[in-house]
Amino acid sequence: MPSVLSYKRCPDDSKEQMLLAEERPDLIESLDSRRNASNSSRSCSRSTSLQEEERERLSIHESLDYLTSHSKVYKKWLQGQTYRMDWDRWLLMGLIGIIVGTLGFLIHQIIDCLIKLKWELVENYIQKNNFHMTWICILGIGLAMIIVSSGLVVFFCPSGTPSGLPEVIGFLNGASIQHIFNIRTFVGTFLSCVLAVASGLFCGPEGPMIHLGAIIGYGLSQFKSEILGIHLPSLTRFWNSADKRNFITAGAGAGIASVFHAPVGGLLFTLEEVASFWDIKLAWQTFFCCMMAAFTTDLLSSSLCGFVYRGQFGFFKAEKRILFWVKNLLDMSVLAFVPAIFLGILGGLLGALFVFLNIKINKLRMWFFSTIPKTSLRKTAKLLESVLILVLTITATVYVPYFFHCTPVKIQSMFDLTSKSENISQVKWQISEYNCPPAALQIGPDLVKNSNQTFNEAAALLGENGMRGIMYLFRRGTHEEFGYASLFTALVFYFLLSCLTAGSAVASGLVIPMLYIGALYGRIVGLILVSIFGIQTDEFAAWIDPGLFAAVGAASFFSGVSRLTISLTVIMVEITNDVQSLLLIMLAVMLAKMVGDWFNMSLYSSLLKLKCIPYLDAEPFVCHRKNWLNLELFAASDVMKPSVKVLHLKENVAFLAQLLTSTRHSGFPVVCKSKPDQAEVFLGTITRLELCVLLENEAIFETEAMEESHSSPIILPFQKIRAEKLHDQQWMTILLDRYSTDPQYEQLIINLEPYINKSAMSVQAHFSLQRTYIIFRSLGLRHLTVVDLQNQVVGIITRKDLMSFQLEEKLGPQQSPQLPLSDEESLLQEEI
């Protein structure tokens with residue numbers, strides 16, 4: 001995962017900031033959300049109280065509307081659009097998939113080339129047992145890479161660190177997070193990821209690849225760049241929040257599909273973890289995008305290896321198509337479920353421990369950097385931290401194998417000799433032959449390979465690329481290829497160093513380390529079974545194979561950390577082709593998630609909370625004094641903000657300017673009278689940004705004389721109203737000062753009627769709070785107006801009001817289920 005230090009300090013309050021500030025409706029910590037239903041039966045012991053510093057950091061983010069304002073100018077713009085024309089949407093989805101697939105191929109090829117070049121430069125030193133020179137050379141090359149990688153993150157990316165999966169999840173949930181989809185972040189994340197993985201850190205490219213895919217989905221659908229000055233008018237119909245999030249969702253899924261060669265897994269991953277808004281149409285389009293991404297990656301990989309053309313273009317070999325191809329499938333026995341259950345429980349425990357340690361380390365990291373006053377020194381400290389982690393990793397990689405003896409390679413048949421899979425004994429030279437003497441190969445008349453070839457177990461597990469190491473661990477029929485000492489040593493170093501790496505100032509992913517850690521302890525469990533029962537050749541006991549339990553262990557730890565279930569199971573089958581062990585993987589994944597949820601949230605949810613990214617889960621879980629609160633017993637009036645500032649259909653320019661200057665609200669209900677003698681009722685809403693855009697255009701200002709003459713007023717087109725931000729904030733501040741002080745603007749009015757969102761949602765004050773939450777989250781609202789029985793505005797609900805800490809603070813003193821009922825009764829009495 002990329003660094004968790006991607007937050008900015010809230011700047012000092014100023015008039016300009018007050019002008020454009022949102023009400024911060026969704027700015028408080030994520031709920032203890034990833035809790036399944038079984039957790040509701042036990043007490044909730046974790047407090048949701050926030051410190052002032054966290055509240056300050058949360059106030060950075062604004063909220064996003066999912067649906068476009070349904071105003072008169074919007075409907076007029078829609079009349080000029082072709083209804084249900086979806087060919088361009090499908091074309092864009094396919095284009096996103098192709099580009100993401102190409103990018104995934106490039107990342108893997110560049111990383112492999114850099115790693116190969118790095119170890120080739122020290123091959124002679126290794127063969128001469130000159131480990132000190134090996135360490136110096138490997139460290140020097142790694143330092144050059146990591147300095148550039150971390151430097152790009154710290155100094156080049158505008159947000160101070162490249163954002164990753166938590167930021168994408170938060171954005172798709174409705175939180176506006178700055179700078180995560182611009183071209184500088186794309187370039188910085190791509191280069192930083194490639195160099196970080198190639199430098200030797202225990203990390204992978206998967207997390208950044210999801211982010212890169214999301215950036216491509218965002219960039220191609222919007223096709224506008226302030227940096228490059230690019231705008232493509234033909235795609236303007238996609239310039240809305242719903243389409244934007246759909247393309248980002250598809251791009252994120254394509255990133256998974258490309259990096260894992262798993263198109264179905266990419267689709268399910270977006271459904272289970274990334275997307276907050278989902279429908280069958282989006283599922284089809286994401287499926288198509290993932291398919292194109294995987295196809296493009298496979299097509300390029302079929303003929304290019306290290307950017308050298310190898311022929312066979314379009315011929316998909318299983319060893320290249322399937323990431324960790326398991327050739328020898330094993331028949332299963334019901335007895336295999338016993339160690340699978342143990343691995344599932346162990347995966348949940350170790351996964352929860354990994355999340356706990358990683359969050360503690362990142363909190364300590366954030367505290368330490370916050371104590372450094374100067375920005376330049378703080379950035380330099382982040383870079384030096386990445387260098388220190390690399391030094392520790394390279395030292396372990398180079399010197400730990402020195403303490404391990406060489407192990408003889410198992411005798412293989414001619415069938416294995418002619419196989420083109422990359423076994424430890426079948427490559428001319430590689431890191432696994434660390435300090436081992438050269439081998440002599442002979443083939444006897446019985447087609448048996450006789451060789452004195454040896455390899456270093458620790459070097460194969462620590463020095464090799466993580467993906468190659470996982471292939472070693474998953475391979476079947478190699479029962480005693482790795483011993484307890486090498487497996488335990490690699491497990492300890494990988495667990496600690498990958499936990500330390502996640503969160504440092506480099507773009508890195510945790511999927512490969514998670515699979516590797518799980519495969520290590522899974523193979524240990526398999527080796528224990530072999531030690532007890534011996535190597536079994538009988539078909540009924542052939543399932544006692546360390547390679548089988550390495551795959552099950554990898555799935556269990558991945559689930560214990562991420563709490564994924566469906567998508568993870570499909571991804572494991574797609575990357576191994578091991579359909580036979582599907583039930584074992586499903587069992588281990590479910591147990592790992594259940595056990596992990598007893599201790600803490602998933603890593604992604606924990607990072608959302610740590611980064612103070614506002615997130616509304618599909619279902620609220622709120623507790624007070626170790627008791628869960630049933631929101632069905634409360635009403636919308638219990639959490640709403642009363643005393644709402646409302647607007648009328650026609651408002652004075654000076655009044656609007658004073659209102660925007662004196663308040664920080666991001667939206668305002670609009671009321672009107674159907675008849676002069678009736679009360680003002682709720683009509684719709686208008687946002688702060690829309691009011692600012694209207695005030696920027698003096699041509700639409702009217703006088704009372706113009707209103708009486710019934711002349712046709714000037715109406716701004718929807719293209720101007722739908723601006724995402726003001727182009728010149730300082731100029732807007734100057735305008736508001738002038739409108740507030742100049743007497744002439746007290747005689748001018750603005751007709752708001754064409755720009756009001758007349759389809760804005762509202763609920764009555766006695767409406768169920770549980771269902772209010774569901775409506776707010778399901779429709780992706782930014783504001784929800786609360787009205788009384790006469791449809792008069794009595795309050796407003798924003799995302800901030802529905803966050804866990806806010807619900808606990810407001811509902812905690814009202815735990816009695818009678819309180820919401822008495823409030824309703826009193827409200828009804830007032831209406832009568």
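Modeller: What follows is a talk about cavities, a surface patch, salt bridges and backbone angles.

Modeller: This is a predicted model, where local features need pLDDT of at least 70, side-chain atom pairs count only at pLDDT 80 or more, and totals for chains, interfaces and linings use all residues. Residues are numbered from 1 along each chain as its sequence is written, and side-chain values use heavy atoms, with hydrogens and water left out.

Biologist: How many cavities of 30 Å³ or more does the structure hold, and what makes a space a cavity?

Modeller: The structure holds eight. A cavity is a set of points on a 1 Å grid, over the protein atoms alone, where a 1.4 Å probe fits but cannot get out. Rolling a probe the size of a water molecule over the atoms shows where empty space is left.

Biologist: How much space lies in the largest cavity, and how is a volume defined?

Modeller: About 280 Å³. Grid points are joined across faces, edges and corners, and the volume is the space filled by probe spheres set on them.

Biologist: What makes a residue part of the lining?

Modeller: A lining residue has an atom within 4 Å of a point. For the largest cavity, 27 residues line the space. Ile 115, Val 197, Glu 464, Asn 465 and Gly 466 lie nearest its centre.

Biologist: Which helix gives the largest share of that lining?

Modeller: Helix α4 does, with seven residues. The elements that each supply at least two residues include α4 (87-121), α8 (183-199) and α15 (375-399). Helices (H or I, at least four residues) and strands (E, at least two) are DSSP runs, numbered from the N terminus.

Biologist: How do the lining residues of the largest cavity divide by class?

Modeller: There are 16 nonpolar, eight polar and three charged residues. Ala, Val, Leu, Ile, Met, Phe, Trp, Tyr, Cys and Pro count as nonpolar; Asp, Glu, Lys and Arg as charged; the others, Gly among them, as polar.

Biologist: What is the volume of the second largest cavity?

Modeller: About 90 Å³. Of the 16 residues that line this second cavity, Glu 206, Ile 210, Phe 269, Val 511 and Tyr 604 are the closest to its centre. Its lining has 13 nonpolar, two polar and one charged residues.

Biologist: Which residues form the nonpolar patch on the surface, and what makes them a patch?

Modeller: They are Trp 90, Val 264, Ile 280, Trp 284, Phe 287 and Met 291. Patch residues have over 30% relative accessible area and no salt bridge; nonpolar side chains (Val, Leu, Ile, Met, Phe, Trp, Tyr) are joined within 5 Å, like charges within 9 Å. Together the six have about 600 Å² of accessible area, found by the Shrake-Rupley method with a 1.4 Å probe, where only the protein chains shown count as cover for residues. Helix α12 (residues 280-301) gives the most, four residues.

Biologist: Why is Met 291 called partly exposed?

Modeller: Buried means under 20% relative accessible area, exposed over 50%, partly exposed in between (1.4 Å probe, protein chains only). Met 291 has 39%, so it is partly exposed.

Biologist: Why is the pair Glu 385 and Arg 365 called a salt bridge?

Modeller: Side chains of opposite charge can pair when their charged atoms come close. The cut-off is a side-chain nitrogen of Lys or Arg within 4 Å of a carboxyl oxygen of Asp or Glu. Here the closest N and O atoms are 2.4 Å apart, so the pair qualifies. Glu 385 is in helix α15 and Arg 365 in helix α14 (residues 337-370), 20 residues apart.

Biologist: Are Glu 385 and Arg 365 buried or exposed?

Modeller: Glu 385 is buried at 16%. Arg 365 is also buried, at 5%.

Biologist: What makes Asp 801 and Lys 641 a link between parts of the chain?

Modeller: Their side chains meet in a salt bridge of 2.7 Å, N to O. Asp 801 lies in the loop between β21 (793-798) and α31 (804-811), and Lys 641 in the loop between β12 (627-628) and β13 (647-648), so the pair ties together parts 160 residues apart in sequence. Asp 801 is buried at 0%, while Lys 641 is partly exposed at 22%.

Biologist: How many salt bridges does a search of the whole structure find?

Modeller: It finds 17. Asp 86, Arg 89, Asp 243 and Lys 281 are linked in a network of them.

Biologist: What is Phi of Arg 563 near?

Modeller: It is near 60 degrees, a positive value in a residue other than glycine. Arg 563 sits in the loop between α21 (546-562) and α22 (566-576). At 4%, Arg 563 counts as buried.

Definitions and conventions:
On a 1 Å grid over the protein atoms alone, a cavity is a set of points where a 1.4 Å probe fits but cannot get out, and a pocket is an open set with protein on both sides within 12 Å along at least five of seven lines; lining residues have an atom within 4 Å of a point.
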